[in-house]
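Please open the model in a viewer and keep the sequence panel beside it.

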Amino acid sequence: FTVFTLVYTSIIIGNMLIIVAVVRSQKLHTPMYFFLANLSFLEILYTSTVVPKMLEGFLQEAAISVAACLLQFFIFGSLATAECFLLAVMAYDRYLAICYPLRYPLLMGPRWCLGLVLIAWLSGFMVDGLVVALMAQLRFCGPNHIDHFYCDFMSLMSLACSDPSIARMTTFILSVVCLTVPFGLILTSYAWIAVAVLRVPSGARRWKAFSTCSSHLAVVSTFYGTLMVLYIAPSAVHSQLLSKVFALLYTVVTPLFNPVIYTLRNREVHQALRRLKQTETIEGWW
């Protein structure tokens, strides 16, 4: 309980610092940091959907109604799906910035940025809304204990008395689409980025161009890797304990390391946080 309380607190503080830095710093009012602030806000929300109930379960046997369980799955699943699309949007943004630097301000204007973010958010809620609508049609009349720290899809399906085959097939198809399509866009974007970077004559400029993408690549690798194992190839997870470990990677570990990755590997965010700290110190002194 103590360990995960500290982790959860660090997730909230770290991601809130990024949001505040982006909002307060004029230099960070660019599409890349607008998407980063949305990513931080999204991770605060979906971590808060799971971790508080998990912490309650460490102290006592946590009870949750079927309706509340479906609601938790809907909110968490929608936000996780939205993150898949948002990470693809961030890769597309880096592709335009590196491959079309002169046309980038026109191609990634404020309205287009807002539209891409809204599509990412709404797509998650639409997709998982369909899944939850199918799950709500099932009857849960058997065992009432979930062997997991949150209302995961497979754990809920194992408690259903009626035939869950339609819900399982629909969820599998939607998982494949919502994971492979954004992941394919990310791979395509980075393939073109790699081609453009390799054409840069100077080694220093080549490294500077690629360094803007390294943080995003680290997040994508962790997030998509665990989701694909759990929802597209669940047979690869041979035990419930291993399933919980993989679930922890994208519910707790990834939101914890995202602020660290983007802060340590991004000079502009680091400088913005330093200026924010100096401003708060001066205001407090006055």
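This is a predicted model: local features need pLDDT of at least 70, side-chain atom pairs count only at pLDDT 80 or more; totals for chains, interfaces and linings use all residues.

Residues are numbered from 1 along each chain as its sequence is written, and side-chain values use heavy atoms, with hydrogens and water left out.

**Whole chain.** Begin with a cartoon view: the chain has ten helices and zero strands, where helices (H or I, at least four residues) and strands (E, at least two) are DSSP runs numbered from the N terminus. Of its 286 residues, 44% count as buried, that is, under 20% relative accessible area with a 1.4 Å probe, protein chains only. Among contacts (heavy atoms within 4.5 Å) with a separation of 6 or more, 75% are between residues 24 or more positions apart.

**Helix α5.** Next select residues 110-135, which form α5, a helix of 26 residues. From first C-alpha to last it reaches 38 Å, close to the 38 Å expected at 1.5 Å a residue, the expected span being 1.5 Å times one less than the number of residues. Colour its buried residues, among them Cys113, Leu116, Ala120, Trp121 and Val127. The buried residues of α5 pack against α2 (31-59), α3 (66-99), α6 (153-157) and α7 (165-198).

**The cores.** A nonpolar core is a set of buried Ala, Val, Leu, Ile, Met, Phe, Trp, Tyr and Cys residues joined through side-chain atoms within 4.5 Å. In the largest, of 59 residues, select Phe35, Leu87, Ile186, Phe223 and Tyr224, which touch the most other members. Helix α3 gives the most to this core, with 14 residues. Centre on Leu87: not counting residues up to four places away in sequence, Leu87 touches Leu39, Ile186, His216, Val219, Val220, Phe223 and Tyr224. Then move to a second, separate core of 13 residues, which includes Cys69, Val131, Leu156 and Met157.

**The cysteines.** Which residue is joined to Cys69 by a disulfide? The partner is Cys151, with S to S at 1.9 Å; a disulfide is a pair of cysteine sulfur atoms within 2.5 Å. The pair links distant parts of the chain, with Cys69 in helix α3 and Cys151 in the loop between α5 and α6, 82 residues apart. The link is left-handed, with -115° about the S-S bond. Cys69 is buried, with a relative accessible area of 3%, and Cys151 is buried at 3%. Finally, select Cys178, which is in no disulfide; the nearest cysteine sulfur, that of Cys84, is 7.3 Å away.

Key
Buried means under 20% relative accessible area, exposed over 50%, partly exposed in between (1.4 Å probe, protein chains only).
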